[in-house]
Number of protein chains: 2
Amino acid sequence: MSKRKNAEKYYRIIKAATKIFAKKGFYQAKISEIAREADVADGTIYIYFENKDDILICLFEEQMKAVLDNMVSEISQEDDPAKKLERFALAHLKLIENNKSMAEIIQVEVRQSSKFMKEYKNEKFTQYLDLIADIIRQGQEKGVFKKEVIPGVAKRAFFGALDEMSRFWVLSSRKHYDINTAARQISEYFLKGIAG
Amino acid sequence: MSKRKNAEKYYRIIKAATKIFAKKGFYQAKISEIAREADVADGTIYIYFENKDDILICLFEEQMKAVLDNMVSEISQEDDPAKKLERFALAHLKLIENNKSMAEIIQVEVRQSSKFMKEYKNEKFTQYLDLIADIIRQGQEKGVFKKEVIPGVAKRAFFGALDEMSRFWVLSSRKHYDINTAARQISEYFLKGIAG
DNA sequence: CTCTAATGAATGGCTATTCATTCACGGCAG
DNA sequence: CTGCCGTGAATGAATAGCCATTCATTAGAG
């Protein structure tokens with residue numbers, strides 16, 4: 001409802017919050033700072049959001065919607081499950097690279113216990129992980145992936161590998177490995193293994 | 001210095017803080033709660049620790065020291081690099097299982113931006129990751145792992161896979177997969193790949 | 001007695017949130 | 001055309017509650 005007021009301002013606040021949360025962390029970020037960054041009054045924020053937590057939740061939902069759509073369209077461009085995984089890896093890392101602030105928030109803040117990931121059931125994130133599980137199941141049906149692989153475990157292993165790589169990028173200022181190299185390495189390990 | 005006062009009390013506070021931080025999260029946890037849990041007065045905590053942040057740092061350092069030692073001894077019991085990795089995976093997941101509270105703090109709190117992982121250079125964690133890199137290098141020297149694998153990327157991929165699996169366990173109450181199965185699956189993917 | 005550890009009530013600083021007030025705009029009557 | 005309202009958005013100073021940290025005081029060991 002309140003969101004209807006002025007969409008431009010709503011997004012301006014989201015954008016400002018993304019920046020401040022990423023820089024200071026959720027609890028260190030002051031509403032007044034976000035307000036200043038968004039160039040609105042402190043009170044204005046409460047016209048668009050219920051409270052500080054709500055800003056974080058909206059911000060996350062808003063971004064995940066875009067991320068999810070983007071990834072769906074990315075992987076639909078490949079037919080081969082192995083290729084799909086490789087593309088997932090590359091797209092994921094690129095996304096992180098192009099949205100450092102957002103990535104930092106997801107990496108660090110949204111994993112904050114109580115409010116997020118625990119009482120707040122994170123459906124969008126689950127859906128994102130399930131894109132991987134689906135690819136794996138397809139591969140198994142086509143007979144190109146081992147049947148003993150458990151999609152529920154493998155999806156986490158694959159995502160975790162990518163995620164740890166991005167944490168490294170996000171938290172350390174300089175980037176040590178080329179994004180294409182990293183994506184190829186990771187999907188290669190996952191598909192063929194490091195032994196041989 | 002202050003730690004010399006009464007080691008038993010020091011550890012009692014660490015233990016209490018571990019429990020409270022895990023339950024409420026760092027910022028939500030009150031000193032008075034930790035004090036109550038440790039059965040000391042609020043002020044007593046400031047005899048043993050500089051401030052709230054210091055509790056978290058000490059707690060982390062203290063635990064990582066133990067974790068690191070334990071893992072070193074675990075992997076030294078195998079000779080084959082592939083077996084070492086498998087043992088790493090199992091030991092890591094077991095550790096998480098046996099120290100849910102600690103795991104939760106590492107998972108969620110220690111990744112908090114500013115104070116931790118950024119200005120506080122986390123040496124112990126780096127060393128932990130480097131155990132994996134060393135195993136991989138050994139394997140490459142022995143000719144059992146592919147030479148094109150980049151240890152710096154692979155260590156993160158492997159750790160990330162395990163870590164995501166534990167996040168799942170830590171954050172969801174019920175555990176879906178057996179720990180041995182998960183450890184075997186993950187090291188299997190990493191060594192042989194899912195394709196085939 | 002002395003000296004140190006322990007206590008916990010009081011302090012002080014901080015900031016999320018509120019709300020009385022201002023402002024801007026568009027419709028409407030005269 | 002003009003001036004007057006009514007409405008709801010925006011403002012930001014003031015509030016209110018929280019909680020880390022301090023420190024004057026007490027307790028206890030030797």
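A residue counts as exposed when its relative accessible area is over 50%, and as buried when that area is under 20%. With those cut-offs in hand, turn to this predicted model.

**Two aspartates in loops**

Start with B:Asp39. This residue has a relative accessible area of 64%, so B:Asp39 is exposed. Its place is the loop between α2 (31–38) and α3 (42–48) of chain B. Chain A has A:Asp39, which sits in the loop between α2 (31–38) and α3 (42–48) of chain A.

| Residue | Phi | Relative accessibility |
|---|---|---|
| A:Asp39 | near 60 degrees | 64% |
| B:Asp39 | near 60 degrees | 64% |

Most residues other than glycine have a negative phi. The phi of B:Asp39 is positive, although this residue is not glycine.

**A helix in chain B**

Helix α5 of chain B runs over residues 81–98. From first C-alpha to last, this 18-residue helix reaches 25 Å, close to the expected 26 Å. Its buried residues include B:Leu85, B:Phe88, B:Ala89, B:His92 and B:Ile96. An α-helix has 3.6 residues a turn, so residues three or four places apart point the same way. What covers the buried residues of α5(B)? The cover includes α4 (52–75), α6 (100–109), α8 (123–141), α9 (151–171) and α10 (179–192) of chain B.

**The nonpolar core**

The largest nonpolar core holds 128 residues. Which residues have the most contacts inside it? They are A:Phe21 and B:Phe21. Leaving out residues up to four places away in sequence, B:Phe21 touches several residues, among them B:Phe26, B:Ile34, B:Leu56, B:Leu59 and B:Ile105. B:Lys52 and B:Glu109 are also touched by B:Phe21.

Methods: Residues numbered from 1 in each chain as written. Chains lettered and ligands numbered in written order. Predicted model: local features only at pLDDT ≥ 70, side-chain atom pairs only at ≥ 80, totals over all residues. Heavy atoms only, no water. Helix = DSSP H or I, 4+ residues; strand = E, 2+ residues; numbered from the N terminus. Expected span 1.5 Å × (residues − 1). Buried < 20%, exposed > 50% of the residue type's maximum accessible area, 1.4 Å probe, protein only. Contact = heavy atoms within 4.5 Å. Core = buried A, V, L, I, M, F, W, Y, C linked by side-chain atoms within 4.5 Å.
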